[in-house]
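These are my notes from one sitting with this structure. I record below what I looked up and what I found.

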Amino acid sequence: MTREAFRRMACASLAAIAGLGLTVFGAGWHTHPVMVQKEIKEKLSLPPGMGEDRPASFFSVPGTDAIPQEIVRRETVTLPKSEPEMVLEATRGGLELAEDGRLRLTYSGAPPARCPT
Amino acid sequence: MVSMAESFFHTPASKFSRYRTAIQGLFLVAWLGPLGLRVHTVCAPVFHCYACPLASFACPIGILAQFSALHVMPFLAIGILVVTGALVGSFVCGWACPFGLLQDLAARVPLPKWDPPYWLTHMRYAALVGLVIILPWFFGESHPLFFCRVCPAGALEGSVPMMVTQAAAGQAVAWPNAMKLGVTGAVVLAMFFVRRPWCQILCPLGAIFGLFNRISLFAIRFYPARCVDCGKCGAKCDFGVSSRIRADDPRCIRCMECVHCGACQIEAAWQAKPSALAADLGVEGVRER
């Protein structure tokens, strides 16, 4: 084997090992905190007696007489997302950089159908 | 040696490279998700937009740009590119890239071809550093020059199918922005008059793999003792790179059109050895650059 061939083999092997290391780390260990807006549904429990003789329209859904059974509360939580998940989100424009430097999911519920670009 | 030059098209390499278009086609099938596979959590090492309705994998350049805009290091994408580059260098460009295949097919139209000057090929590095890394980092993905917003592969593989789908469904067609349309139009037009214009002048992925040509495990090697200076290798090269002068030129896409005579050949690093003929003549057996 020539000196040049040895140099090439050494460089290629080192680069391949480094690349493999990066791939394994990225796929298996690398996570990043992402702010996600979660919809939290809470069952509404009225105090005893309040359901029956409530004041008109006090508890009811606007425009109806129905009493809401649950309320939906939106809360921003920070979740660690793995790099493969972040790659998937990036392909559909699901991540953005917030003003405070943290990552934020651009949607809540169903993901966007396609990349915005 | 003269007989070697005469038998230019009768070496194993020439037989193999004859099937290059078919092999590119097979890779294209793999990138287009034959089983409805959409593994967008992983990048394939080719230039193929993930906005394509059939794309199997994510585009590494799109991910580099998006992650740069998010200020996150894309270990997975970089790792895949480094492993691929270290093993095969720019073989990927010549044999597996779907956008390369498109340009190869367009170049078959018999029209006069123009060879861009050498300095213009350095634009690839400017595109890689400027449009893929620096601009997204400072201005985010909403900037009009953000790479994906001007990428012709994205327009042809993502926007066009989407527009056709919208038109077929009777919906309002969402056109790409003017910049993207302009770049795409220019690249498509150039495909007919310049061989692989995108690869030669602007492709950031080709710029990355080209850098690995000097160290990749599998490479083209030049054996000076076997060369008769017939110049056919240089004449065969679409990029004006002569393998006998610069076997590891970053512009080379390793299409293997130039290795038919036997003076240059595809080898793994461990196979390289001084040729017996060279030893007889007392000259350097293998030249790698």
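I first looked up the contacts in chain A between residues at least 6 apart in sequence, and 65% of them join residues at least 24 apart. The model is a predicted one, and I read every entry with that in mind.

I then listed the elements of chain A. I found 2 helices and 4 strands, and their order from the N terminus is α-β-β-α-β-β. Chain A has 117 residues, of which 28% are buried.

I turned to helix α3 of chain B, residues 20-31. Its 12 residues reach 16 Å from first C-alpha to last, close to the 16 Å expected at 1.5 Å a residue. I noted Arg20(B), Gln24(B) and Trp31(B) as buried in α3(B). They lie on the same side of α3(B), because they cover an arc of only 35° around the axis. Just after α3(B), I noted a positive phi of about 55° at Gly33(B).

Next I examined the largest nonpolar core, which has 62 residues; Phe47(B), Ile61(B), Ile63(B), Phe99(B) and Phe147(B) touch the most other members. Helix α4 of chain B (residues 60-70) gives the largest share, 7 residues. This core lies between domain 1 (2-15 + 213-281) and domain 2 (32-212) of chain B, because both give residues to it.

Beyond its neighbours within four places in sequence, its contacts include Phe47(B), Pro152(B), Leu156(B), Met191(B) and Trp198(B). I also recorded another core of 13 residues, apart from the largest one, with Trp95(B) and Met256(B) among its members.

Key: Residues are numbered from 1 along each chain as its sequence is written. Chains are lettered from A and ligands numbered from 1 in the order in which they are written. This is a predicted model: local features need pLDDT of at least 70, side-chain atom pairs count only at pLDDT 80 or more; totals for chains, interfaces and linings use all residues. Side-chain values use heavy atoms; hydrogens and water are left out. The expected span of a helix is 1.5 Å times one less than its number of residues. Buried means under 20% relative accessible area, exposed over 50%, partly exposed in between (1.4 Å probe, protein chains only). The arc is that of the directions from the helix axis to the C-beta atoms. A nonpolar core is a set of buried Ala, Val, Leu, Ile, Met, Phe, Trp, Tyr and Cys residues joined through side-chain atoms within 4.5 Å. Domain bounds come from an automatic or database domain assignment. Contact means heavy atoms within 4.5 Å.
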